Amino acid sequence: MKTEALSGDILQGEGEVSLPWWRQRRRQHIDWCTVWFCIMGAALVGITVLAIANIASAELADPAHLLEVALSSEVIGSVLLTFVAGANAVLLLILFGTPLAYVLARSRPSRFKGVVESIVDIPLILPHTVAGLLVYLLFMRRGWLGAPLSEIGLSFEDAYPGTVVAMLFVASPFFVNTMREGFEKVPVHLENVARTLGAGTFTTFRTVTLPLSLRHMYSGAVLAWGRAIGEFAGVIMIAYYPFIISTLIYYSFTTDGIHTSRSIAFVVILVSFAVFYLLRRMTRYLGRYDDRV
Amino acid sequence: MIEFDRVSLSLGSFSLNDVSLSINRGDYYFIVGPSGAGKTVLLEAIAGLHRPERGRILLRGEEITALSPDKRGIGLVYQDYSLFPSMTVAGNVGYGLRVRGVRKAEAQREVAGLLERFGIDHLADRYPGTLSGGEQQRVALARAVAVKPDILLLDEPLSALDPVTQEKFIGDLQRLHREDDLTIVQVSHSRREAHLLATRMAVIIDGALVDEGRADVVLNAPGSRQVASFIGIENILDGTVTANDGGHATVDVGGRTFEALTDAAAGEEVTLCIRADDVVLALGDGRRSSARNTMTGTIVQVVENGPIAEVRVNSGMELTVVLTRRSVRDLSLVPGISVTLSVKATAIHVIRR
């Protein structure tokens, strides 16, 4: 049956005798470069899959405990807090990071621009504890920004704003750099034409540049959000409480041991995977304007 | 209408140096020059996209050097058409009307009229990425004229089109210039386009304006050797005037004598410009003719190009002659055979150096 099914294969010339499928397969060209790339890529993906399989096998062996942990108000609250604080940080990044990214994308190379770009990248290269310390020193009650802000009732130490500001600090390069790359890809000619048609600078940005950078804005936001919700050292310095996922796992690990912290970690893996997968599916066609594809 | 008064500006590797020119209302003005000469920078300076470091730009009699592009009322079409990929064809054409606050119903009516006029009404809901080059160009033109500018700037609009579409588009541009009473400024490096469309033109080389004036004058009587070379005069010869009899000069070019009409005095250095199609070629020693310049030579190369052919003749110096391909075949012109070339004294343009 198999041989018959393959007899119509386009690789088989007219009048040729039908060959068994395994011999036909051998006659096809094999792109060894792609094969090796796949093998090497699979090794990388394999490590993640193996790590998840490892934790899954342990957790699924005791579903009652897993369910108990997953449904505990502490874990649900912590997951929600982490995601919301991350989203809050990303919203602030969109608000302040987008103009910065645009200016960096459109300004000509200069020493000053180089300095600003390096400052933007600082959170990328610093150890996370150092980043946390920087945030703490600036936003603590006696800090340069923390002191005046606490006077108007905005406190950062062991408070939600502290979590957000720490997340914002460590996630900012991911958003700004991706957004800047997006703006750089929008040809300046489009903006020039819009200007000659009567649009002011902001109208041009809003109606021409921004819609064409939506994919990058989305990618930058997802990257920054991912980075924000995964932050531990940066957050713990200024806001040990309220517990976000990473601090809760650390707390649970140091007080209850591996069993509970592993269950929380597994819940987080499942939720994060589901959320990121959903986001990718929802925005598949975002910013694509060619109706042939 | 547009005046550049000693304008200088630099932009990365491109610069304009001390450029002064004036474009009159109704001109079809060409800015030509080799790649990287600064043509597009000049065009964008007119649109207000670059601010000069020195000098003034006047528009309709008023200084507009610092006026922003959205307040100049000038349309711009780039070589790549620069259609907004996130908008449909109708969205692109209506963009200028929308940002100028034209009411929706009125804008839709205007857009429908423009789409029909430019023959793109069937593309109204398509996105630019799905259009051909010719279609994109018509959309770009419709978008530019939608806001009724009196000046239209075109940056090499024909260079990305195939020859057939180019011919059609040249007709469209001529009609647009005539019917819309537009002043058009077109950047190009094509001499052919300048021949077909320009009423006046400027030649820019290395950021400096080297020639400006009526298109036929610049194209047929260039002011310098550099311009003559750029606009494609095939035979450019340097020589010295040996005698001048009331404007009828005798010029020595490397030991060979040419007669031409010029006021240059004896001893003056000049450059002779002879168009290849002004040279008459005859077989053998030739016949007596009224042409004042006759020389014999040997064909070194025959290059056929469509219905015409370029014949290169060595007559002590290499001269290029343009003939029809039929003439080449009828006369059996091949490298090695002897021919006689003749040029009228009136067909030689003399540049005084």
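This is a predicted model: local features need pLDDT of at least 70, side-chain atom pairs count only at pLDDT 80 or more; totals for chains, interfaces and linings use all residues.
Student: How many residues of domain 1 of chain A are in contact with domain 2 of chain A, and how do they divide by class?
Tutor: On the domain 2 side of chain A, six residues take part, and they meet five residues of domain 1. By class, the domain 1 side has no polar residues; it has one charged and four nonpolar.

Student: Which elements of chain B give two or more residues to the side that touches chain A?
Tutor: The contact between the chains involves 20 residues of chain A and 22 residues of chain B. The chain B side divides into 12 nonpolar, six polar and four charged residues. The elements asked for, in chain B, are helix H1 (39-47), strand E6 (74-77) and helix H2 (89-99).

Student: Why does Asp180(B) count as partly exposed?
Tutor: Asp180(B) sits in the loop between helix H5 (163-179) and strand E8 (183-188) of chain B. A residue is buried at 20 or more other C-beta atoms within 10 Å and exposed at 12 or fewer. Asp180(B) falls in between because its count of other C-beta atoms within 10 Å is 14.

Student: How far apart in space are Asp180(B) and Asp150(B)?
Tutor: In sequence, Asp180(B) and Asp150(B) are 30 residues apart. In space, C-alpha to C-alpha, their separation is 8.2 Å.

Key: Residues are numbered from 1 along each chain as its sequence is written. Chains are lettered from A and ligands numbered from 1 in the order in which they are written. Two residues are in contact if their C-beta atoms, placed from the backbone, lie within 7 Å. Helices (H or I, at least four residues) and strands (E, at least two) are DSSP runs, numbered from the N terminus. Ala, Val, Leu, Ile, Met, Phe, Trp, Tyr, Cys and Pro count as nonpolar, Asp, Glu, Lys and Arg as charged, and the others, Gly among them, as polar.
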